[in-house]
Amino acid sequence: RGEPRTALEAVQAVLLQVLYSRRRSYDPSREARALMRRLGATCGQPVDERTQMDVNEFGSYLMQWLEKDLEGTDDPRLLHDYFGGTLAQKLTRIGDPAQFRYKYDGFWSLTIPISGKDTLADCLRLFTRSETLQGVRWGEPPDEATAAAKKRMSVRRLPEVLILHLARFAFDVKTLQRRKVNDRVAFPLEIDVAPFTAAAKEHKSDGKGEGAGRRGEAEEAKEPGGGGDGDGDDGGGGDGGADDDD
């Protein structure tokens with residue numbers, strides 16, 4: 001056989017070898033070359049397959065290619081059904097908790113901060129921890145005003161397969177440069193992610209469930225379009241300026 005024509009064919013070829021071949025090893029270089037050409041076409045320039053890349057960035061590209069290749073098939077939403085989740089960002093006005101709003105975004109993977117944390121649960125706890133923002137706009141003109149708000153991230157919809165990307169790079173405010181985070185993070189064989197969902201956070205904060213008895217607004221959830229920030233920066237709920245959980 002020649003090289004795969006699409007990303008879907010490349011992934012299928014590798015999976016078929018892994019699942020059904022009696023070979024003790026398999027060289028996926030043919031499929032890798034096909035994916036590198038697809039990446040080069042996406043980026044507008046050739047990509048050397050020997051060049052080290054960010055795995056989360058490449059993973060988001062791969063998901064986009066597979067999603068496009070699945071169009072017109074019997075199961076075009078196969079990726080969404082297994083890997084697509086929804087992230088909820090809640091802004092609550094400080095001093096007036098009755099004013100809040102949600103923003104929903106789809107994701108393929110969650111990029112979670114790891115600085116100073118020892119376990120995966122600690123990293124998820126840091127990711128969903130509230131932080132204070134200044135100068136957030138509330139209302140509509142001419143009644144628009146700015147005020148401080150608490151921002152909290154949580155998972156609105158968990159996928160069947162949850163991909164977690166550890167943010168191994170963080171921005172150092174002292175040197176104004178990115179630095180590698182080499183902290184060791186322990187992975188358990190099983191982990192309960194329910195405490196990090198939007199439903200659990202709302203139940204903890206008011207005991208009524210998500211948004212019950214409050215007024216606010218929400219944006220419609222967007223489908224996953226990249227799933228992650230690409231460069232792995234330490235983004236969600238860092239230690240600086242963060243408050244305790246609601």
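Which residues are buried in H2? In H2, the buried residues (under 20% relative accessible area, with a 1.4 Å probe and protein chains only; exposed is over 50%, partly exposed in between) are Glu-31, Ala-34, Leu-35, Met-36, Leu-39 and Gly-40. The model is predicted: local features need pLDDT of at least 70, side-chain atom pairs count only at pLDDT 80 or more, and totals for chains, interfaces and linings use all residues. Residues are numbered from 1 along each chain as its sequence is written, and side-chain values use heavy atoms, with hydrogens and water left out.

**Overall structure**
- The protein has 6 helices and 9 strands; these are DSSP runs numbered from the N terminus, helices being H or I with at least four residues and strands E with at least two.
- Of the 246 residues in the protein, 35% are buried.

**Helix H2**
- Helix H2 covers residues 29–43, and its end C-alpha atoms are 20 Å apart, which agrees with the 21 Å that its 15 residues should span at 1.5 Å a residue (the expected span is 1.5 Å times one less than the number of residues).
- The buried residues of H2 pack against H1 and helix H3 (55–69), where contact means heavy atoms within 4.5 Å.

**Salt bridges**
- Side chains of opposite charge can pair when their charged atoms come close.
- The structure holds 7 salt bridges, each being a side-chain nitrogen of Lys or Arg within 4 Å of a carboxyl oxygen of Asp or Glu.
- One of them joins Arg-30 and Glu-31, whose closest N and O atoms are 3.4 Å apart; Arg-30 is partly exposed at 25% relative accessibility, whereas Glu-31 is buried at 2%.
- Another joins Lys-90 and Glu-202, with the closest N and O atoms 2.7 Å apart.
- This pair links distant parts of the chain, because Lys-90 is in strand E1 (residues 85–93) and Glu-202 is in helix H6 (residues 198–206), 112 residues apart.
- Lys-90 is buried at a relative accessible area of 5%, and Glu-202 is buried at 0%.
- Lys-151 and Glu-131 also meet in a salt bridge (3.4 Å, N to O).
- Lys-151 lies in strand E5 and Glu-131 in strand E4 (residues 131–138), so the pair ties together parts 20 residues apart in sequence.
- Both Lys-151 and Glu-131 are buried.
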